[in-house]
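Work through the exercises below with the model open beside you. Try each task before reading its solution.

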Amino acid sequence: MSGLYIHIPYCRKACTYCNFHFTTGGSYREYFMKFIQTEYDLLLPDWSEPWATLYFGGGTPSLLPAEQLGAFISHVKMNGGIQTGAEITLEVNPEDVNEENIKKWKQAGINRISVGVQSLNDAELQAMNRAHSAATSLSALKLLLNSGFESVNLDLIYGSHWLSDDAWKKTLLWAFNCGVQHISAYALTSEPKTRLQKDIDLGKVPPMDDDKQARHFELLQEYADRNKWLHYEISNLCQPGFEAKHNSNYWENKPYLGLGPSAHSFDGKRTRRCNVSDNQAYVNGIEKRQPIFEKELLSDNDFINELIITRLRLAKGLITDLISEVSPQWYQIKMQIILEMSENKLILFENNRIILTPKGRLLSDAISRELMV
Ligand code: SF4
């Protein structure tokens with residue numbers, strides 16, 4: 001059940017909050033998939049089974065010609081293979097969605113689309129320096145939903161300075177009824193070195209409003225319940241049967257290979273690897289057939305902490321036996337805290353499984369920290 005992730009490091013504009021690896025320049029863009037394909041061929045011998053999922057993320061993969069994506073998918077089919085029924089996702093930005101691209105994406109074998117709508121408010125989109133308007137998103141969605149993709153995901157941002165509670169309610173009302181099968185909703189965060197963080201430091205924009213973010217998250221939970229959607233991961237919701245398979249594999253520590261600058265890989269056991277976050281260095285490495293990356297062997301504590309952080313975010317929760325197998329003393333050390341959290345209704349603790357309650361989900365980071373070693 002291995003997944004293949006392909007990082008496309010190009011964007012039209014730099015969104016103010018973004019700390020992913022990308023460039024708004026165009027170097028190598030027209031033939032970027034050639035480098036990805038070479039990296040794939042170099043690494044494939046370590047990965048034997050056909051892929052269960054493919055995910056083109058970024059950056060903005062919809063900026064690349066669809067033919068390049070299609071040629072790469074065909075190459076993977078013939079080398080390594082792709083399982084029948086595999087989920088093949090493409091992240092797209094609304095401004096790239098048109099009938100011609102949709103046709104080509106489908107021909108390429110893409111069966112799941114994740115569209116970066118983020119907001120339906122033009123003032124907010126401008127403040128975040130997004131390259132599209134709300135009207136562009138609505139037309140893009142209409143086209144995508146009439147095109148027969150197996151699943152369409154909507155990316156939304158909540159809790160920003162520019163989003164009122166009423167506007168968020170209207171967005172949620174629309175999102176749960178517009179016809180998509182999946183929603184990813186993330187609180188706006190101010191990451192170091194982003195323009196948003198600089199603007200906050202300069203006093204041009206106020207700091208994040210934690211209370212507003214909590215209110216927006218509660219509304220998200222409320223609308224999900226009301227519409228009988230599964231809130232299966234803190235930031236991810238879906239109609240039953242439409243959980244994102246690729247991302248679920250990350251959260252369940254399944255193996256995945258990441259290609260492209262800054263992409264991460266995991267062998268499903270203890271070894272992580274992270275590609276260089278520099279396009280030129282990445283290309284140089286691939287041209288010499290010596291990809292540049294850092295490798296990390298997770299210690300017992302790293303492994304346990306990752307389990308806690310990822311599994312607690314899932315509705316099915318954290319199976320504590322997975323931790324005891326590595327650290328039998330963890331229970332003794334943490335039992336008092338676990339019981340207190342349970343009494344305070346932050347978690348459910350049953351059958352060796354810890355599940356965050358709706359109240360606990362608001363404090364997930366703090367709860368994870370308490371349980372970490
Ligand atoms: S389009 Fe996506 S990856 Fe590119 S800058 Fe904006 S948020 Fe970041």
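Axes are lines fitted to C-alpha atoms, for helices over the stretch in contact, and angles run from 0 to 180 degrees between N-to-C directions. Helices (H or I, at least four residues) and strands (E, at least two) are DSSP runs, numbered from the N terminus. This is a predicted model, in which local features need pLDDT of at least 70, side-chain atom pairs count only at pLDDT 80 or more, and totals for chains, interfaces and linings use all residues. Residues are numbered from 1 along each chain as its sequence is written.

**Exercise 1. Find how helix 1 and helix 2 pack, and name the residues that meet.**

Step 1. Helix 1 covers residues 32-43, and its axis lies 10 Å from that of helix 2, at an angle of about 15 degrees.
Step 2. Angles under 35 degrees count as roughly parallel, over 145 as roughly antiparallel, 65 to 115 as roughly perpendicular and the rest as oblique. Helix 1 and helix 2 are therefore roughly parallel.
Step 3. Contact requires C-beta atoms, placed from the backbone, within 7 Å. Met-33, Ile-36, Gln-37 and Tyr-40 of helix 1 meet Gln-68, Leu-69, Ala-71, Phe-72, His-75 and Val-76 of helix 2.
Step 4. This contact of helix 1 with helix 2 has seven nonpolar, three polar and no charged residues. Here Ala, Val, Leu, Ile, Met, Phe, Trp, Tyr, Cys and Pro count as nonpolar, Asp, Glu, Lys and Arg as charged, and the others, Gly among them, as polar.

**Exercise 2. Describe the contact of helix 2 with helix 3.**

Step 1. Helix 2 (residues 66-78) and helix 3 (residues 99-108) have axes that come within 8 Å and cross at roughly 5 degrees.
Step 2. The two helices are therefore roughly parallel to each other.
Step 3. Ala-66, Glu-67, Leu-69, Gly-70 and Ile-73 in helix 2 face Asn-101, Lys-104, Trp-105, Gln-107 and Ala-108 in helix 3 as contact partners.
Step 4. Sorted by class, the residues of this contact are five nonpolar, three polar and two charged.

**Exercise 3. Which residues surround the ligand?**

Step 1. A residue is near a molecule or strand if its C-beta atom, placed from the backbone, lies within 6 Å of it.
Step 2. The ligand is surrounded by Cys-11, Ala-14, Cys-15, Cys-18, Phe-20, Phe-22, Gly-58, Gly-59, Thr-60, Asn-93 and Gly-116.
Step 3. The shell has six nonpolar, five polar and no charged residues.
Step 4. The peptide bond from Gly-58 to Gly-59 is cis, with omega near 20 degrees. Gly-59 sits in the loop between strand 2 (51-58) and helix 2.

Notes:
Contact = placed C-beta atoms within 7 Å.
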